[in-house]
Amino acid sequence: MLRTELGRTFHKDASAPQEQFLRAFRWMLLARVLDEKFANLYRGGKIFGGVFLGRGQEALSVSVGMTLRKGDIFAPLIRDAAGRLAFGETILDAVRTYLGSVLGPMRGRDGNVHRGKPKEGMLAMISHLGAMISVVNGALMARRFKGISDTVGAACVGEGASSTGSWHEALNQAAVEKLPLVLVVANNQYAYSTPTERQFACESLMDRAVGYGVEGRAVDGTDLTACLETMGEAIHRAREGNGPQLVVGKLLRLCGHGEHDVADYVDPRLKHSAIGRDCLEVAQEQAFDHKWIDDKTLEEWRADAVRRVEEAVAKVQREAAPDPYREDWYALSSKHLNEGHSTL
Amino acid sequence: MSITYLEAIREAQARALSEDPRVFIYGQDVGSFGGAFKATKNLAQEFPGRVIDAPISEDAIVGAAIGAALEGMRPILEMQFADFSTVGFNQIVNQAATMFWRTRLSCPITIRLPSGGTQGGGPFHSQSLEAIYAHYPGLVVMTPATVEDVYSMLLEAVAIDDPVVFCEHKYLYYHLKAESLPTEALPVGKARIARAGRDLTIVAYSAMVHEALAVASELSTEGTEIEVVDLRSVKPLDTDTVMASVARTGRLLCVGESWPWGGVTSEVIARVVSEGFGLLDAPPQRLNAKDTPVPYHPNLWAAHRPTAHSIAGAARNLLRQ
């Protein structure tokens, strides 16, 4: 219950922030370790396509995944390993998708961050990320048709996707339908190599909230406490029937667009500014300052994360790859309507 | 009593709404106004809360339908004109069409596209886009030519577990009438012999079926018997029925209202040539719209698309070979 009532209980219950914060911190740590493993596998040539990390975005990400409840809908962005884990995605699902295991949710048909289990509320993104927002809207409309009123849908994108037509159509649609959508924009300063001044001209993306008639919140994406509090409020407001919520987190992508990208275009001044802080280190310092953890605990947690990730990778590396001769090569679920069906 | 093609679309939607609580209709002006063509007339009143006006946002309209379908609903979308579906193209071809293959979860949405030319329609209210949707794996593309088919196929589109692009022809809305609604129908994926003949096969679909039938009547008076095959759905494409017809006639003319490049007519000819070359007594021919945008003025429009007149000319040429 604690995590679902975060927005209301955060300031009242002295033990809640500590427990909440530390659970979030552990998910962030696990996500970082998982991401680093993917980066290593990529450098070792063990991954077929790209690898996209969430370094620097874990605080904002985990605050979404932890604040959502089971039964809610989550459309993550490509840097949301922390939020995915907190929402319930397993390490195995992530590893199996990156390595293309036939046992993974995408069975080698799709890879890396394009994974999900829609039946469990986790949508599988297409690359045109802004297009996921209206899909969340539709799922929420369906819930309303069925008389289910207490679920929330969160869609996460970067500031780059906020320039797409889909983003604008979907936020307007959610506002018109007064849907419990929480649209999270992780403004990480670069869409691939494009800086924000070439992406939008408003002072803050938060300013767009008023234009669509929705509630908006800005948050320091490097501060876990602030992220948990802001996301708690936004998701609570959406769940209580106050319509769509826009949350803009300001932070800096502490990696390339993908692991193929050295990102030498990133302005060094940003790296040394307040938003260039590593949210994981900031959270760790806060935890030490509060004396919520000590060196020994941290080392145990890190070792536990490494062990879990290594176990998953070792297991998946022994799993079968998809076999083209076992594929049915049907794109339609109605088997008889697939072209070529009668001749097979 | 008689019923038009347009009324049959409305009746099919009314029946789907009344028989299946998962069905809802979403699109621009479809609510109390009843739709730009009145295909949803009175449905908002008869089914409160289930016929919903959308903002002018085709991308978000299709996206929302996909999300609702993932949650077990059966949305019917009305794109006001087929031409505007291109704004939602990404959601249709990349999101809906890939869903089952990627996630094993089917995506049962029906996207109605008021298609094809009418007098004065011009470049952006006249398009026939069946070929471009058929190009993408994961979509069923229907092109009903009759009142009976538009009714039964729309009901089947809603029942199918996959995304269906339903190309209904605006010219047929008011011009086509039937005595009553059908009680039985061919399954989707089966073409129909609209008229039997022995000398030449014309393969057509949607409004072009009626142009082809007019040509068959005209040439019949000259002693030529044309067989007209109505494809009904362009994906799946019933190659078997087409091949059987060509086996009987030895001559093939394919007619489509859409543009020529990479279209349904070229697909039919490619299949017949590669699988049934020996059945042909003459090189197969095709007739499509000209390779320009659809013109506004009736004089230009009449020359832009195939008509009974141009089809008859092509048929006579082919019969002379």
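Keep in mind that the model is predicted.

Let's start where the two chains touch. On the chain B side, 36 residues are in contact with 34 residues of chain A. Two elements, helix 3 (58-70) and helix 4 (89-103) of chain B, each give two or more residues to that side. Helix 3 of chain B has the largest share, with nine residues. Sorted by class, the chain B side has 18 nonpolar residues, along with twelve polar and six charged ones.

Now for the sheet. Five strands of chain B line up in the order 9-11-10-13-14, making an open sheet with mixed pairing. Strand 9 (192-195) and strand 14 (285-287) of chain B each have a single partner strand, so they sit at the edges with one side lacking a neighbour in the sheet. On average, neighbouring strands are turned by 25 degrees against each other, direction ignored.

Look inside the sheet and you'll find strand 10 (residues 200-204) of chain B paired with strand 11 (residues 226-230) of chain B, in the parallel sense and over five bridges. Here B:Thr201 stands opposite B:Glu227 of strand 11.

| Helix of chain B | Lies across (chain B) | Angle |
|---|---|---|
| Helix 8 (residues 208-220) | strand 9, strand 10, strand 11 and strand 13 (252-255) | about 170 degrees to strand 11 |
| Helix 10 (residues 264-276) | strand 10, strand 13 and strand 14 | about 155 degrees to strand 13 |

Terms used:
Residues numbered from 1 in each chain as written. Chains lettered and ligands numbered in written order. Predicted model: local features only at pLDDT ≥ 70, side-chain atom pairs only at ≥ 80, totals over all residues. Contact = placed C-beta atoms within 7 Å. Helix = DSSP H or I, 4+ residues; strand = E, 2+ residues; numbered from the N terminus. Nonpolar A, V, L, I, M, F, W, Y, C, P; charged D, E, K, R; others polar. Pairing = 2+ DSSP bridges. Axes fitted to C-alpha atoms, helices over the stretch in contact; angles between N-to-C directions.
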